[in-house]
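Dear colleague,

Please find the structure handed over below, together with an account of what was found in it. I would be grateful if you could read the notes with the model open beside you.

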Amino acid sequence: MTELNTIAVVGASLAGLRAVQALRREGFDGTITLIGAEKHLPYNRPPLSKSMLRGDDEVTLPGAEEIGDQWLKGRRAVRLDTGDRRLTLDDGSEVHYDGLVIATGARPRRLPEHPEGVHTLRTIEDSVALRAELAAGHDNVVVIGGGFIGGEVASTARSLGLPVTLVDASPYPMQNVLGAATARWLADHHRDNGVELISRTRVTGFDGTGGVTGVRLSDGRTLPASLVVAGTGVVPNTGWLEDSGLTLSDGVVCDERLFAVGAANVVAAGDVARWPHSLYGGELVRVEHWSNANDQGGVAALNLLAGPENAKPFADLPSFATHVHGARIQTAGLPHLADETRLVTGSPEEDRFAVAFARDGVLVGAVAVNSPKDLIRIKRAIVAGDGPDALA
Ligand SMILES: Cc1cc2nc3c(=O)[nH]c(=O)nc-3n(C[C@H](O)[C@H](O)[C@H](O)COP(=O)(O)OP(=O)(O)OC[C@H]3O[C@@H](n4cnc5c(N)ncnc54)[C@H](O)[C@@H]3O)c2cc1C
């Protein structure tokens with residue numbers, strides 16, 4: 001094992017918490033300092049666009065209360081000196097480390113023109129603010145972006161009886177993630193549930209002073225709007241690492257064992273980490289899913305402890321689930337890499353089906369709508385390196 005007496009973990013959310021827990025479970029008895037910009041105990045984000053919008057406030061991650069004194073709460077790291085192994089925090093204080101886990105996640109991408117009144121969704125505060133608006137009732141809810149957050153917000157707003165227009169730039173929502181057939185089904189599913197879906201259209205600006213009253217579209221129309229929510233993706237939180245010497249490119253670039261490229265004794269995990277995935281020929285991937293942050297936080301921390309020679313590559317299959325208007329949509333692997341798509345079971349007409357994705361004859365991804373068992377079957381075949389014929 002590498003000689004590490006003090007480990008700093010920056011980012012006190014899912015990946016950061018899992019890193020701390022794994023270190024303690026492994027018997028690390030040195031000092032751990034967890035630095036987190038938020039004031040809450042580490043919490044689960046998936047409920048923020050689901051149950052929390054309907055009034056359920058229970059989001060704290062199990063085990064979060066155990067981190068106690070080692071947690072610098074409401075403190076942001078603003079600079080990393082990898083030569084001196086020193087972090088500078090936003091109050092000017094410094095934290096020295098022997099080993100560092102970077103788990104600073106991601107933040108919502110803002111629109112080029114982003115008025116104050118346009119909601120985004122990443123934190124408890126964001127969810128509480130949006131919940132209050134939804135509860136107040138609105139005549140014109142406009143959701144920008146048909147990804148999983150936009151889709152879930154649209155779904156929740158419809159379940160509360162509010163009229164919703166969903167504006168999405170792609171031909172069908174989530175087409176790049178789900179593939180064309182499922183994305184077409186999703187578009188119909190939104191419409192069947194009362195969402196007015198405007199596809200192939202971008203937002204070009206907003207009307208209103210001191211509040212948004214209209215959303216201007218690339219087709220020349222202006223939509224009346226009393227509540228606007230933007231779900232237009234996220235950007236990794238790497239600004240504080242700019243002059244650290246680490247390689248930054250859509251995240252912290254790591255090797256296959258999650259060691260950050262550019263400095264010794266630094267690992268990264270969760271939404272902020274980008275690493276070469278062995279199941280995909282070493283392609284660099286950054287995965288913005290709960291299960292990835294949950295598993296990667298612990299693996300990155302244990303790799304740090306073990307040292308580069310004894311560390312294990314991280315090659316878990318990315319997987320994700322979302323719920324839209326009562327349907328459960330799950331993905332595994334990376335469907336967007338595929339050159340071949342095959343319907344494995346069911347059909348879009350039945351609202352129950354599973355699709356397998358292959359590249360060069362080898363399975364790389366799966367999408368399932370209301371078919372969890374089929375997703376598990378395809379996942380096993382992906383991990384086994386099978387081709388699509390193995391699913392017949
Ligand atoms: C509304 C919503 C719904 C979601 N639903 C799903 C879902 O259904 N399924 C799914 O798989 N995934 C879902 N996700 C994604 C999932 O929550 C994320 O993949 C996961 O939270 C990533 O965890 P993380 O620890 O890497 O990063 P984050 O959860 O982003 O946490 C990073 C933490 O670091 C802090 N931080 C940032 N910069 C600094 C700094 N310089 N110093 C100190 N602290 C810093 C941040 O404040 C934050 O607390 C959802 C996300 C959101 C926002």
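Arg 86 is buried, as its relative accessible area is 17% (buried means under 20% relative accessible area, exposed over 50%, and partly exposed in between, with a 1.4 Å probe and protein chains only). Arg 86 forms a salt bridge with Asp 84, and the closest N and O atoms are 2.8 Å apart (a salt bridge is a side-chain nitrogen of Lys or Arg within 4 Å of a carboxyl oxygen of Asp or Glu). Asp 84, in turn, is partly exposed at 46% relative accessibility. Both residues belong to a network of salt bridges that links Asp 81, Asp 84, Arg 86 and Glu 94.

Two points on the source should be kept in mind. This is a predicted model, in which local features need pLDDT of at least 70 and side-chain atom pairs count only at pLDDT 80 or more, while totals for chains, interfaces and linings use all residues. Residues are numbered from 1 along each chain as its sequence is written, and side-chain values use heavy atoms, with hydrogens and water left out.

Further salt bridges

The structure holds 20 salt bridges. One of them joins the side chains of Asp 271 and Arg 122, at 3.0 Å from N to O. This pair links distant parts of the chain, 149 residues apart: Asp 271 lies in the loop between strand E19 (266-268) and strand E20 (273-277), and Arg 122 in the loop between strand E9 (118-119) and helix H2 (124-136). Helices (H or I, at least four residues) and strands (E, at least two) are DSSP runs, numbered from the N terminus. Asp 271 is buried, with a relative accessible area of 10%, and Arg 122 is buried as well, at 18%.

Glu 340 and Arg 342 also meet through their side chains in a salt bridge, at 2.9 Å from N to O. Here Glu 340 is partly exposed, with a relative accessible area of 27%, and Arg 342 is partly exposed at 31%.

Helix H1 covers residues 14-25, and its twelve residues should span 16 Å at 1.5 Å a residue; the end C-alpha atoms are 16 Å apart, which agrees. The expected span is 1.5 Å times one less than the number of residues in the helix. H1 is mostly covered, with ten of its twelve residues buried; among them are Leu 14, Leu 17, Arg 18, Val 20 and Leu 23. The buried residues of H1 pack against strand E1 (6-10), E2, strand E7 (99-102) and helix H6 (290-306). Just after H1, Gly 27 takes a positive phi of about 95°.

Gln 70 sits in the loop between strand E2 (31-36) and strand E3 (71-73) and is buried, with a relative accessible area of 18%. Leaving aside residues up to four places away in sequence, Gln 70 touches Val 20, Arg 24, Ile 32, Thr 33 and Leu 34 (contact means heavy atoms within 4.5 Å). With Arg 24, the side chain of Gln 70 makes a polar contact to the side chain at 3.1 Å. A polar contact is a pair of N or O atoms within 3.5 Å; within protein, one must be able to donate a hydrogen and the other to accept it, and residues adjacent in sequence count only if both atoms are side-chain atoms.

A three-stranded sheet

Three strands form an open sheet in the order E13-E14-E15, with antiparallel pairing (two strands pair if DSSP finds at least two bridges between them). Strand E13 (203-207) and strand E15 (222-224) stand at the edges with a single partner strand each, so one side of each is left without a neighbour in the sheet. Strand E14 (residues 214-217) is joined to E15 by three bridges, and Val 215 has Leu 223 as its bridge partner in E15.

Positive phi values

Most residues other than glycine have a negative phi. Asp 250, however, has a positive phi near 50°. Asp 250 is placed in the loop between strand E17 (234-236) and strand E18 (252-253) and is partly exposed, at 44% relative accessible area. His 325 likewise has a positive phi, near 45°. His 325 is found in the loop between strand E22 (319-324) and strand E23 (327-333) and counts as buried at 13% relative accessibility.

Yours sincerely
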